[in-house]
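This report walks through the fold, the cores, a few selected residues and the salt bridges. Begin with the model itself.

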Amino acid sequence: MAHIQLLDELVREYLLFRGFTITLKSFDAELKVDKDRGFRVDRIVDQFVIFINNYDLQSLRDLWTHFDQKIFSKLEYEFIPGVRKLESSLLKFYLANAIANNKSEKVVEFFNKMTPEIQGHPEWKDWFTLPFIKSPEDHPVFSVHFTKQWQDAFLVSLHNFLAIMYQVMPQPVLASYEEEATKLRRLQEENEALKHKLSALGQGSNIVPDAVPPMDIMDDFYIIAQETPSSGESQGRILKNFIRTIGGGIPTSPILGRKPQSHDESSGVQKHHSSKRSHASQASWIKYGNSTFFNFSAESVPKRSLSLDSRSRKGHRDLSIENDKKNAKNDNFLMLSQEQMSEHKVAIIQCKFNVNGTLVASSDSDGVLKVWSPSPTLSIISSFHFSTPITALCWLKSERFFLSGSLDGILRFHDAKDNKIIWELIPDGTSVLKDSKIVTLCCNHTERHFACTALNEAKKEAKLLVYDIKTHKLEQAYSVGEGGPDLTVNCAVFNHNGSLLIAGCSDGTVRILDIRNGDCLQKRLVHDGPIAGLDIAQDHNTFYTFGSDHKLCRHNLAQLNPEPVWTATLPSCSTQHGAQCFSLHQNGKHVLIACGENGTNIYQITNCGLQLMLHLRDHKSLLTACDWSTANQCATCLSAASDGIIRISTILTP
């Protein structure tokens, strides 16, 4: 990412050329506080070390949270355990440094501030005794974290991990302009050379075209170190292997000991040298080519591949999808088990997994709200009965907290672990929620705000509202633009940093709103009739809408062209108002769609549309909601129906 500094200078030069001095001042001011440090990994790691040496826990947490929200949140869930291992090791590094320098008050401060976050995690169970142990550096549980070998190994792993993340993360077009120009110039030169050789051969020359030598089989991380451009697929494989190893997925490199052929090793990821000593019982050194990292745990991370953004093909495609069961290509899917949750007695309204798939919240038309665990055995965690139905649910990024909205306009913030309602917002005489029902709820990834739609059906008036989660105070009331007072936002989702809200409306349009000032940046007419569902992919640039016209549309958020990338027609699907009609898989490659009374379908998403992979014909009544999550290399699919039955299908996925 060394070219980023050059791009910054080019932007500054352009702003000066145009005379945009106010913008230039703002640009320079933001560069000074840039937490990405110009994408220079060595400077980022140095900043972590500075915060550790200064015992600045808050700044350390803020810097990690920045990367967690900006980069790590784009990873599939399967890779999160590896990221969490790095985070835990960073905090343990902080504690070891504080104790080594006799800063016992900083250790006490750490546990006072961090206990709510780390309690209940098995890897922290023994660490709560740390302040009471006289010589933790000699204790078998803690001693390894006080060694220079472990600390150096951690910094190497953090460095290489961030370097790889920056290599594979999607970049703006401006950043790839020089690379594309160089590639085009090289292709033109090769084309001219081939023309010359063909011309010579046509004239009877003895010139024989040079044979292209086969590429050397190179180490994946050697390629990363050399910063050689590679495809999204190979980059995803590299990152997959790296994160799996951080989580303990593989004990050694599959190419350990192989000697690479002569290559220039002067560029790329900074080299680190390690001591020959290692604590085999605690960790192991792993080496890939020129890059070395540390295996912190014996826990296994499921073997999956990273979902990377591929450039969407230009133009709009209208496709027809056949739902016949015999057309499903289920070679890569295996049904492992099916069971049903029958605690609800009437129609299901909402049914949603939490972020890591360990808990489900479901509500029905009788006002019953249940929180339950689908595995290893189905168990009810908590149950509530309200006077009016819960019409909207939304889990926060945390695995234990969620929001609910009811038919009578009440907003509630729940703690699933402690089985309690933390706060509830009951409409009074002056409230914007008075005499309204909550249509949809969505939380941004920073967990600072949430948005909801309040619909007053008697007045035919709808409002899009944004609240602060902690203070539960109204911050903004938005207008979605022209269309009349009864224009409703049926579904919405925030982008990755919470600055944009993508709203699917009752007039078939998608509105992209800037929540900082309430402006509607773009309006796209994409459906003939109300939009029933909306979801955003892991790359945060691709999003999907489903409408009452039974069409699933794929869109590119970054494109100015309002036309969908492609449209697929899916007959007999659940498009009733408020229904969870479809759900994207965490890997971004598959989608689960509720198909009316015919069950649910799993499709593979391609650049050309959808390919039917598996049909689940499970229900005897109309489907009202569906969702799925990944755990232990399996997809757990939920499909809920109007008879109160929720089917749980466990499927082995590719």
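A residue is called buried when its relative accessible area is under 20%, exposed when it is over 50%, and partly exposed in between. T545 has 0% relative accessibility, so it counts as buried. The model is a predicted one.

**Around T545**

T545 sits in strand β22, which spans residues 542–547. Its side chain makes two polar contacts described here. One is with the side chain of H527, at 2.8 Å. Another joins it to the side chain of H555, also at 2.8 Å. Beyond its neighbours within four places in sequence, T545 is in contact with V510, V526, H527, I531, G533, L534, K551, L552, C553, H555 and F582. Both histidine partners, H527 and H555, are therefore in that contact list as well, given that contact means heavy atoms within 4.5 Å.

**The chain as a whole**

The chain has 654 residues, and buried residues make up 50% of them. Its secondary structure comes to 10 helices and 31 strands. Take the contacts with a separation of 6 or more: residues 24 or more positions apart account for 55% of them. The chain exposes about 31300 Å². Carbon and sulfur atoms supply 51% of that area.

**Nonpolar cores**

The largest nonpolar core holds 48 residues. Within this core, F48, F72, L95 and F110 touch the most other members. Elements giving two or more residues to this core are α1, α3 (41–53), α4 (57–70), α5 (80–100), α6 (104–118) and α7 (148–168). Helix α5 provides the largest share, 10 residues.

L95 shows what such a member touches. Leaving aside neighbours within four places in sequence, L95 is in contact with V107, F110, F111, W124, W127 and L130. A second core is separate and has 19 residues. Its members include Y544, V591, I605 and L610.

**A nonpolar patch on the surface**

Which residues form a nonpolar patch on the surface? They are Y14, F17 and F20, with about 360 Å² of accessible area together. Y14 lies in helix α1, residues 3–18. Y14 counts as partly exposed because its relative accessibility is 43%.

V346 lies in the loop between β4 (334–341) and β5 (348–353). Its relative accessible area is 22%, so V346 is partly exposed. V346 and G644 are 298 residues apart along the chain, yet their C-alpha atoms are separated by 4.5 Å. Not counting residues up to four places away in sequence, V346 touches D364, S365, D366, S642, D643 and G644.

E339 is placed in strand β4. With 34% relative accessibility, E339 counts as partly exposed. E339 and L378 are 39 residues apart in sequence, and 8.9 Å apart C-alpha to C-alpha. Leaving out residues up to four places away, E339 touches P374, L378, I646, R647 and I648.

**Salt bridges**

How many salt bridges does the structure hold? There are 17.

| Salt bridge | N to O distance |
|---|---|
| K85 and E123 | 2.8 Å |
| E424 and R412 | 3.1 Å |
| D435 and K434 | 3.1 Å |

The K85 and E123 bridge is 2.8 Å between the closest N and O atoms. This pair links distant parts of the chain, with K85 in helix α5 and E123 in the loop between α6 and α7, 38 residues apart. K85 is buried, with a relative accessible area of 11%. E123 is partly exposed, at 27%.

The side chains of E424 and R412 also meet in a salt bridge. E424 belongs to strand β12 (residues 420–425) and R412 to strand β11 (residues 411–415), 12 residues apart. At 38% relative accessibility, E424 counts as partly exposed. R412 has a relative accessible area of 7%, so it is buried.

D435 forms a salt bridge with K434. D435 is exposed, with a relative accessible area of 55%. K434 is partly exposed, with 36%. Elsewhere, salt bridges that share partners join R61, D68, R84, E87 and E117 into one network.

Note on methods
Residues numbered from 1 in each chain as written. Predicted model: local features only at pLDDT ≥ 70, side-chain atom pairs only at ≥ 80, totals over all residues. Heavy atoms only, no water. Patch = residues over 30% accessible without salt bridge, like charges linked within 9 Å, V, L, I, M, F, W, Y side chains within 5 Å. Areas by Shrake-Rupley, 256 points an atom, 1.4 Å probe, with all protein chains shown as cover. Salt bridge = Lys/Arg side-chain N within 4 Å of Asp/Glu carboxyl O. Helix = DSSP H or I, 4+ residues; strand = E, 2+ residues; numbered from the N terminus. Buried < 20%, exposed > 50% of the residue type's maximum accessible area, 1.4 Å probe, protein only. Core = buried A, V, L, I, M, F, W, Y, C linked by side-chain atoms within 4.5 Å. Polar contact = N/O pair within 3.5 Å; in protein donor to acceptor, adjacent residues only side chain to side chain.
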